[in-house]
Structure formats: C-alpha cells, structure tokens
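Reader: I would like to go through the side-chain contacts of a model with you. Could we begin once it is on the screen?
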Amino acid sequence: MLEDRAVNDFIGSKSLEYNLGLIPGGRKLFSGALKAEYEEMLLRGLGEVLPEVHLKKIWEMLWARWERYVEICN
C-alpha cells in the first residue's frame, strides 16, 4: 500500500519517497495536520457513489500516507 511510486515531477528523481526526503528537516509543506475527525468531512458525498468498504480503504491510505509524511518531515 505504501510502496514507493514513480513520479514525473522533475524534483530530484522519479522516486516519490526520495523527493519527499529532500524536504529540509523540520520543514513542513502543510501548515495544518490531518486529524481523525476530518474523515467524515473529506469523504462527504462519496458514499453516494462508493461502498463503505472503499471509503474506509481511502481513509486508511490517506492516514498512512499522512503519517509517513510527518515521519519524513521530522
């Protein structure tokens, strides 16, 4: 689920993981933080087109990637 992905953003390399590692330590790209209580707001309306199992997976992926971002920035 969280394997490194090839990207074409011309920042350093084609490795997403490597490119995020170029962020200077302690510097964050987002001023806020992802919080568990944001799940409903972020997924609002998608329940009309996706089953609950997919919504849960989307949230799991967002949360895991957020945690990885925080780890890289620290």
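Reader: Is Glu 60 buried, partly exposed or exposed?
Author: Glu 60 counts as partly exposed, at 41% relative accessibility. Buried means under 20% relative accessible area, exposed over 50%, and partly exposed in between, with a 1.4 Å probe and protein chains only. This is a predicted model, in which local features need pLDDT of at least 70 and side-chain atom pairs count only at pLDDT 80 or more, while totals for chains, interfaces and linings use all residues. Residues are numbered from 1 along each chain as its sequence is written, and side-chain values use heavy atoms, with hydrogens and water left out.

Reader: Which residue forms a salt bridge with Glu 60?
Author: Lys 57 does, and the closest N and O atoms are 3.4 Å apart. A salt bridge here is a side-chain nitrogen of Lys or Arg within 4 Å of a carboxyl oxygen of Asp or Glu. Both residues lie in helix H3, three residues apart, about one turn of the helix. Helices (H or I, at least four residues) are DSSP runs, numbered from the N terminus. Lys 57 is partly exposed, at 40% relative accessibility.

Reader: How many salt bridges are there by this rule?
Author: The count comes to four. One of them joins Lys 56 to Glu 39, with the closest N and O atoms 3.2 Å apart. Lys 56 lies in helix H3 (residues 52-73) and Glu 39 in helix H2 (residues 39-43), so this pair ties together parts that are 17 residues apart in sequence. Glu 39 and Lys 56 are also linked with Glu 52 in a network of salt bridges.

Reader: What about Glu 71 and Arg 68?
Author: Their side chains meet in a salt bridge at 2.5 Å, N to O. Glu 71 is exposed, with a relative accessible area of 51%, whereas Arg 68 is partly exposed at 28%.

Reader: Changing topic, how many aromatic pairs does the structure hold?
Author: It holds two. The rings of Trp 59 and Trp 63 have their centres 5.7 Å apart and their planes at 35 degrees, so that pair is tilted. Rings of Phe, Tyr and Trp (its six-membered ring) pair if their centres lie within 6.5 Å; planes under 30 degrees apart count as stacked, over 60 as edge-to-face and the rest as tilted.

Reader: Are Trp 59 and Trp 63 buried or partly exposed?
Author: Trp 59 is buried, at 10% relative accessibility, and Trp 63 is partly exposed, at 27%. In the other pair, the rings of Trp 66 and Tyr 69 have centres 5.2 Å apart and planes at 40 degrees, so the pair is tilted. Trp 66 is buried at 17% relative accessible area, and Tyr 69 is buried at 8%.

Conventions:
Helices (H or I, at least four residues) and strands (E, at least two) are DSSP runs, numbered from the N terminus.
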